[in-house]
Amino acid sequence: MNDANRADQPAQGCLYVISAPSGAGKTSLVKALLERDPELVLSVSHTTRAPRPGERDGVHYHFVDVPRFQQMVEEGAFLEHAKVFDNYYGTSLEGIRSQLAGGRDVILEIDWQGARQVRQAVPGAVGIFVLPPSRAALAERLQGRGQDDASVIARRMADAVGEMSHYGEYDFLVINDAFETALADLAAIVRARRLTLERQRRAHPALLGALVEPAE
């Protein structure tokens with residue numbers, strides 16, 4: 001396909017797959033990144049878990065019961081789905097496809113199991129793993145939430161170690177020690193991806209053509 005034909009088509013958006021152990025600060029970082037960058041959108045996943053205080057259906061998650069979730073699995077409605085902490089989570093296939101085809105950059109917050117499925121299904125997806133600065137810091141953050149009892153926190157800490165062992169499957173690592181630094185790191189990854197040759201060709205076809213046009 002020549003450059004002219006590529007320029008006539010909308011730029012394909014980029015899918016950013018972001019994972020982290022519970023308590024690493026991923027959700028807060030993603031929220032701040034979305035507020036800073038209006039060109040980014042968040043993929044809203046489906047889940048069978050109960051809403052937490054302050055969460056709204058259709059905003060934080062699409063909350064469904066287990067029978068409905070299983071029906072969607074049978075219908076092939078999910079790009080990926082997995083069972084995490086006794087609950088099911090899934091990403092809408094049609095939702096992701098339509099946003100990317102429209103040129104939107106999409107953030108998908110999922111665990112390593114789902115991320116592995118997405119990378120296989122969506123060529124070019126960018127994987128980002130957020131790590132805490134230490135195990136002690138992670139434990140302190142989990143305890144500071146005040147939402148879970150000691151047994152749940154202990155289980156989440158144990159699961160976090162297993163989750164972190166998969167960091168090597170990702171393209172980028174962001175260590176969330178100082179929040180603003182970690183946020184700047186995330187923004188830099190997105191910025192660099194938008195400066196690739198393919199994205200710039202589609203965004204500035206007239207400029208590039210004029211710059212290389214032979215002088216008369």
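This is a predicted model: local features need pLDDT of at least 70, side-chain atom pairs count only at pLDDT 80 or more; totals for chains, interfaces and linings use all residues.
**Whole view**

Start zoomed out, with the C-alpha trace on: along its principal axes, the trace spans about 75 × 40 × 30 Å. Colour by secondary structure and you have 10 helices and nine strands, taken as DSSP runs (H or I of at least four residues for helices, E of at least two for strands) and numbered from the N terminus. Of the 216 residues, 38% are buried, meaning under 20% relative accessible area with a 1.4 Å probe and protein chains only.

**The sheet**

Now select the open sheet of five strands, in the order S2-S7-S1-S8-S9 and with parallel pairing; two strands pair if DSSP finds at least two bridges between them. At the edges sit S2 (40-42) and S9 (172-175), each pairing on one side only. From one strand to the next, the twist averages 25°.

Zoom in on S8 (residues 126-131), which runs parallel to S9 and is joined to it by four bridges. Pick phenylalanine 129 and look across to S9: its bridge partner there is leucine 173. Contact here means heavy atoms within 4.5 Å.

Go to histidine 46, in S3 (residues 46-47). Is histidine 46 buried or exposed? Buried, with a relative accessible area of 11%. Leaving aside neighbours within four places in sequence, its contacts include His62, Phe69, Tyr88 and Ser92.

Then try asparagine 87 in S6 (residues 87-92). Asparagine 87 touches Thr48, Arg49 and Ala82, not counting residues up to four places away in sequence. Asparagine 87 and threonine 48 are 39 residues apart in sequence, yet 5.7 Å apart in space, C-alpha to C-alpha.

**The pockets**

Back to the opening question. On a 1 Å grid over the protein atoms alone, a pocket is an open set of points with protein on both sides within 12 Å along at least five of seven lines, and lining residues have an atom within 4 Å of a point.

For the largest pocket, select Lys26, Thr27, Arg52, Tyr61 and Glu109, which lie nearest its centre among 45 lining residues. H2 (26-36), S5 (78-84), H5 (112-121) and H7 (150-164) each supply at least two lining residues, and H2 gives the most, with seven. By class, this lining has 16 nonpolar, 13 polar and 16 charged residues.

Last stop: the second largest pocket, with about 270 Å³ of space. Select Gln12, Gly13, Leu100, Val122 and Pro123, the closest to its centre of the 18 residues that line it. H4 (93-101) and H9 (197-203) each supply at least two lining residues, and H4 has the largest share, four residues.

How values were computed. Residues are numbered from 1 along each chain as its sequence is written. Side-chain values use heavy atoms; hydrogens and water are left out. On a 1 Å grid over the protein atoms alone, a cavity is a set of points where a 1.4 Å probe fits but cannot get out, and a pocket is an open set with protein on both sides within 12 Å along at least five of seven lines; lining residues have an atom within 4 Å of a point. Ala, Val, Leu, Ile, Met, Phe, Trp, Tyr, Cys and Pro count as nonpolar, Asp, Glu, Lys and Arg as charged, and the others, Gly among them, as polar. Grid points are joined across faces, edges and corners, and a volume is the space filled by probe spheres set on the points. Axes are lines fitted to C-alpha atoms, for helices over the stretch in contact, and angles run from 0 to 180 degrees between N-to-C directions. Buried means under 20% relative accessible area, exposed over 50%, partly exposed in between (1.4 Å probe, protein chains only).
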